[in-house]
Amino acid sequence: MKTMLAIISNALCRITGKNAGAQTVSEGARVVVSRSLSDFTPQATFDIKRCDLHGLEAGPPVRAELTREQGLQYYRTMQTVRRMELKADQLYKQKIIRGFCHLYDGQEACAAGIEAAINPSDHLITAYRAHGFTFTRGVPIKEILAELTGRKGGVAKGKGGSMHMYAPHFYGGNGIVGAQVPLGAGIALACQYQGNNQICVTLYGDGAANQGQIFETFNMAALWKLPCIFVCENNKYGMGTSVERAAASTDYYKRGDFIPGLRVDGMDVLCVREAARFAADHCRAGKGPIVMELQTYRYHGHSMSDPGVSYRTREEIQEVRSKSDPISMLKERLLGNNMASAEELKEIDIQIRKEVEDAAQYATSDPEPPLDELCNHVFASSPPLEVRGTNPWARLKSVS
Amino acid sequence: MAAAARVFIRGAHATLSVPGAGKQSSARSALLKLSPGCSSRLKTQQRHAAHFTFQPEPVTTQYGPTQKMNLFQSITSALDNTLASDPTAVIFGEDVAFGGVFRCTVGLRDKYGKDRVFNTPLCEQGIVGFGIGAAVAGATAIAEIQFADYIFPAFDQIVNEAAKYRYRSGNLFDCGNLTIRAPWGCVGHGSLYHSQSPEAFFAHCPGIKIVIPRGPLEAKGLLLSCIADNNPCLFFEPKILYRAAVEQVPVDSYTIPLSQAEVLQEGSDVTLVAWGTQIHVLKEVANMAQEKLGVSCEVIDLRTILPWDTETICKMCRMVGYKLRPG
């Protein structure tokens, strides 16, 4: 390991033209090649796309400020989600992850941008494409991957899998689309009732946007002015059905009707952040709910059993990758404004790759949950209740 | 495995231990086997999944020429026959136009047109509600719910609207032309929301019929019966059998009567009643019980869960002996 790092360090020094060893710091397994911070621009302001508005006089700002630290942080977050999802893809193809797996790559800016705009004490709930949010809400990569492989070190103790990951202030991870939206409104009601100035971000997709429960929730949230941000992650396809074929109106930000709405470029992390901040301020000011449509794109198919090219062309996917990739966009901004160096970003990439690799190693080697935990938490009861197994004589204990 | 079996044993204490505990005792542990192909994995990764072997029906010529079909093909064949013979028949649901996520409707849109085979948006309550309306107006409405796990938003429509329509209108209106199809039952990796067997939730609702086939030959006949039946029907298709179950199925229309259980194997000691995938498990169990315990099992496929064939079941149970020889 050390010799490999020394080689990398020397190579990087050659690239930057510095004397080998002069400005390299080795800390254990990490090599940091540093230029003095005054070389970098500490902060810059960027033009971002104007959001389309519905029921609003004014919208989020069209210029966003980004500090170097923030830029690196968003880059790190998005790159981690990207690498984690690609690793999940790999593990799935090796049959180490089984069952259903819905990947989030391409949509990283949504998770990163929203998290940047809200507080850790705010709440978030989404549907099944949840790995990205699980990470941004604070769950370590190894617990996410271990959950995907169904091991006891997983965030849901290995019993939830891809669709059922939870964390404090993150309510999953829900399999039935649309069903999480009334839940989100309920969480928002609790925030309002407790007067803690928290909000709930409730996400759903373009497919789920046609579910009846969503509209019931809109009504309740508007009636009671709940501090709820409804976010429609419009990735243009509900499984294999394009939005034009599923929705009478594809202006998802207007579907709240009497609820104001924003249409946001979901591939630009700064755009998402500014819009989410605007929406959060709206809710916290007691103005009631707001709808945000994030226009985004997923590179993978709906799930691992969907190649993703029978209902859209490879050219389309390629075009989004080359023109609108959220990570590339941020990287160009950072490099173009001298806010970071290419080596620095590459260094971050290497670190992330290693972290993901270690997490995958953990996820593959961790033991499965023991069989006597199979029925735990079916009921909450003391003493534990017995639950019927696969036949009437198999009595299994539900400890909770 | 779908818990779709009842074992009637009189006067015996049969205790089956928790599966996978590693005990080796005749019939019990043989029900649970590690699936093949996992021996190469790490010791920590064991699959405690029950297995079954699909047992095909013998070839029959009573309904005309047959063709080799798996379960989803037999469904397509039934729907094809229906659309051909009934000009009012329409098929709708999520993703049915391109053939469906389980390929049950492949080719039908091209053959019969997009006004007869069409997609709905993602809204189960809407699909069933819309189906009830179409049926009331005279169309033979065949609605697909993508997975039985998703049928619950439509529960109100099925139980409160469809089931009670004829009764509450004094026979002025009815939605008997409605058939709702859904993939059903566990598949091994489906977890919470792609594995459910919800027939029990509907089984106490007068006004609807619930049918679950055990294989392609049964499926086509039973589905055509459901479509022809003058009551709204729920037809659950065991998804694990879609590709695995292959039989010789007649190409023409034929019906298998509803509310009639089928005695697959006669026996004198124990009656085993099941439906769907579990039939194949129980056939194996019956053989094992005979070989290892000397117990003669009767195997009955209930087929129609509601209204169920009380006569056959009661008659068979009365004939069954009381003793269970210790093994």
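**View 1. A charge over a ring in chain B.** In this predicted model, B:Arg168 lies over the face of B:Tyr165, at 4.6 Å from the ring centre.

**View 2. A charge over a ring in chain A.** The ring of A:Tyr299 has the charged end of A:Arg321 sitting over it. The distance from that charged end to the ring centre is 4.1 Å.

**View 3. An aromatic pair, B:Phe152 and B:Phe201.** Over all chains, the count of aromatic pairs comes to 13. In the pair of B:Phe152 and B:Phe201, the ring centres are 5.3 Å apart and the planes stand at 85°, so the pair is edge-to-face; planes over 60 degrees apart count as such. B:Phe152 belongs to the loop between β5 (140-144) and α5 (155-162) of chain B, whereas B:Phe201 belongs to helix α7 (residues 199-202) of chain B, so the pair ties together parts that are 49 residues apart in sequence. B:Phe152 is partly exposed, because its relative accessibility is 30%. B:Phe201 has a relative accessibility of 53% and therefore counts as exposed.

**View 4. An aromatic cluster in chain B.** One aromatic cluster is formed by B:Phe102, B:Phe147, B:Tyr150 and B:Tyr242.

Note on methods: Residues numbered from 1 in each chain as written. Chains lettered and ligands numbered in written order. Predicted model: local features only at pLDDT ≥ 70, side-chain atom pairs only at ≥ 80, totals over all residues. Heavy atoms only, no water. Phe/Tyr/Trp six-rings, centres within 6.5 Å; stacked < 30°, edge-to-face > 60°. Helix = DSSP H or I, 4+ residues; strand = E, 2+ residues; numbered from the N terminus. Buried < 20%, exposed > 50% of the residue type's maximum accessible area, 1.4 Å probe, protein only. Lys NZ or Arg CZ within 6 Å of the ring centre and 35° of its normal.
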